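My entries follow in the order I made them.

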Amino acid sequence: MHAGVEPCEATGAIMTPIYQTSTYVQDGVGNHKGYEYSRTLNPTRHALEKALAELEGAKYGLAFASGLAAMDNLIKILKPGDEVISTDDLYGGSYRLFTTVFANYGIKFHFVDLTDSDAFISVLNENTKLVWIETPTNPMMKITDIKAVSESVSGNDVLVCVDNTFATPMLQQPLNEGADVVMHSATKYLGGHSDIVMGCLMLNNDALDEKLRTLQNSCGAIVGPMDSFLVLRGIKTLHLRMIRHSENGKAVVDYLSSHPKVEKVYWPGLESHPGHEIAKNQMTGFGGMISFIIKGNNIENAYKFVESLEIFTLAESLGGVESLVGHPATMTHASIPKEVREKVGVTDGLIRLSLGVEDVEDLIEDLSSALEKV
Ligand SMILES: Cc1ncc(COP(=O)(O)O)c(C=O)c1O
């Protein structure tokens with residue numbers, strides 16, 4: 001609630017003012033109050049960056065125009081010839097950024113199952129400079145042991161970055177597990193109200209912060225003061241929302257798991273989930289993201305189901321107060337070739353739910369009547 005935020009010194013305003021300004025008056029050349037130009041820094045964004053850092057227990061926070069812009073900024077510290085080891089199940093846009101943008105600049109990406117240490121070790125080499133972990137993964141909800149991966153590269157010149165979008169700092173704090181950088185699509189739970197697009201990086205290393213901040217200013221994918229204010233406001237209820245998302249997650253998983261038309265449910269809170277024990281160790285709750293398959297695992301039933309829901313809205317994105325449903329194969333993960341996505345389980349029958357904070361009985365009723373139609 002109070003992370004990084006202080007009342008305005010000039011007026012006492014309890015909420016951080018929206019400094020809608022591009023530049024700042026200088027009394028004499030170079031004589032200013034710490035702000036020169038809003039691409040470099042703006043007081044509202046500054047307050048947000050401090051709040052973001054504090055949430056993840058980090059020394060530094062940097063906010064960007066989107067989650068992908070945050071990733072773009074981080075990857076730009078690499079050079080041609082450098083290699084990245086990434087989880088093989090990840091957000092489609094992250095995969096597209098790696099394979100269609102940065103691969104063209106001579107950076108090599110390996111996509112492996114990070115739950116399999118042999119697979120990881122087999123691609124690790126002296127050119128490896130970054131390990132990209134998404135945990136839980138989008139959309140298969142796979143769990144990677146952050147501490148184990150971080151320990152396996154410690155002492156080498158390899159950064160470990162965790163995309164913590166699904167868990168949020170309320171449920172998981174990767175820096176405490178040994179990761180070097182945490183990334184979020186703040187568009188999701190940190191904002192929490194489906195009204196902004198934003199990304200961020202949090203970290204402790206002074207030299208890396210300096211590099212990232214120079215890139216942030218040089219490349220310019222910054223966030224504006226209004227969006228900064230909205231995320232500062234969203235963060236104030238993050239703890240309450242994540243408790244409710246997780247409670248709704250458990251109730252909906254219990255319902256779906258015992259439904260005769262449901263073939264498989266993916267959620268790390270399930271004891272049968274292969275990553276459940278690791279999730280129990282590194283997370284304090286399992287969240288409100290669920291993927292599942294209707295028996296038969298086909299696109300017709302998946303389409304019929306998602307189009308029959310009334311409270312759940314069919315839309316891209318996740319992490320807002322309202323429940324959303326998505327069809328990863330044709331929506332969030334359409335940029336991953338069919339054979340690549342199917343290998344990790346993103347089949348045409350897979351359905352992804354982002355549970356909001358509505359009354360869970362209403363959500364279950366909605367799911368129940370849509371399941372009747374398939
Ligand atoms: C896990 C994950 N990482 C990164 C992103 C990209 O974030 P943005 O859409 O804010 O660019 C998304 C977007 O859906 C996501 O789900």
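Entry 1: I started with Ser194, which sits in the loop between strand 6 and strand 7 (199-203). I take helices (H or I, at least four residues) and strands (E, at least two) as DSSP runs, numbered from the N terminus. Ser194 is not a glycine, yet its phi is positive, about 50°. Most residues other than glycine have a negative phi, and most peptide bonds are trans.

**Ground rules.** This is a predicted model, so I note that local features need pLDDT of at least 70 and side-chain atom pairs pLDDT 80 or more, while totals for chains, interfaces and linings use all residues. Residues are numbered from 1 along each chain as its sequence is written, and side-chain values use heavy atoms, with hydrogens and water left out.

**Entry 2: cis peptides.** I looked up two cis bonds. One joins Thr135 and Pro136, with omega about -10°. The other joins Asn138 and Pro139, with omega about 10°. Pro136 lies in the loop between strand 4 (128-134) and helix 5. Pro139 is in the loop between strand 4 and helix 5 as well.

I then checked polar contacts, meaning pairs of N or O atoms within 3.5 Å. A polar side-chain atom of Asp163 is 2.6 Å from a ligand nitrogen. A backbone N or O atom of Leu68 is 2.9 Å from a ligand oxygen. Asn138 places a side-chain N or O atom 3.1 Å from an oxygen of the ligand. Taken alone the ligand exposes 390 Å², and the protein buries 92% of that. That area comes from the Shrake-Rupley method with a 1.4 Å probe.

**Entry 3: pockets.** I used a 1 Å grid over the protein atoms alone: a pocket is an open set of points with protein on both sides within 12 Å along at least five of seven lines, a cavity is a set where a 1.4 Å probe fits but cannot get out, and lining residues have an atom within 4 Å of a point. Points join across faces, edges and corners, and a volume is the space filled by probe spheres set on them.

The largest pocket holds about 610 Å³. Its lining has 21 residues, with Cys8, Glu9, Tyr19, Tyr35 and Pro43 closest to the centre. The classes are 12 nonpolar, 5 polar and 4 charged.

The second largest pocket holds about 430 Å³. It too has 21 lining residues, and Ile77, Lys129, Asp157, Val158 and Leu159 lie nearest its centre. Helix 5 (146-153), strand 5 (159-163) and helix 7 (206-219) each give two or more of them. I noted 8 nonpolar, 6 polar and 7 charged residues in this lining.

**Entry 4: cavities.** How many cavities of 30 Å³ or more does the whole structure have? I found 3.

**Entry 5: aromatic pairs.** The search gave 8 pairs. Rings of Phe, Tyr and Trp (its six-membered ring) pair if their centres lie within 6.5 Å; planes under 30 degrees apart are stacked, over 60 edge-to-face, the rest tilted. Tyr95 and Phe111 are tilted, 4.9 Å centre to centre with 45° between the planes. Tyr95 lies in helix 3 (residues 92-101) and Phe111 in strand 3 (residues 108-112), so the pair ties together parts 16 residues apart in sequence.

Note on methods
Ala, Val, Leu, Ile, Met, Phe, Trp, Tyr, Cys and Pro count as nonpolar, Asp, Glu, Lys and Arg as charged, and the others, Gly among them, as polar. A polar contact is a pair of N or O atoms within 3.5 Å; within protein, one must be able to donate a hydrogen and the other to accept it, and residues adjacent in sequence count only if both atoms are side-chain atoms.
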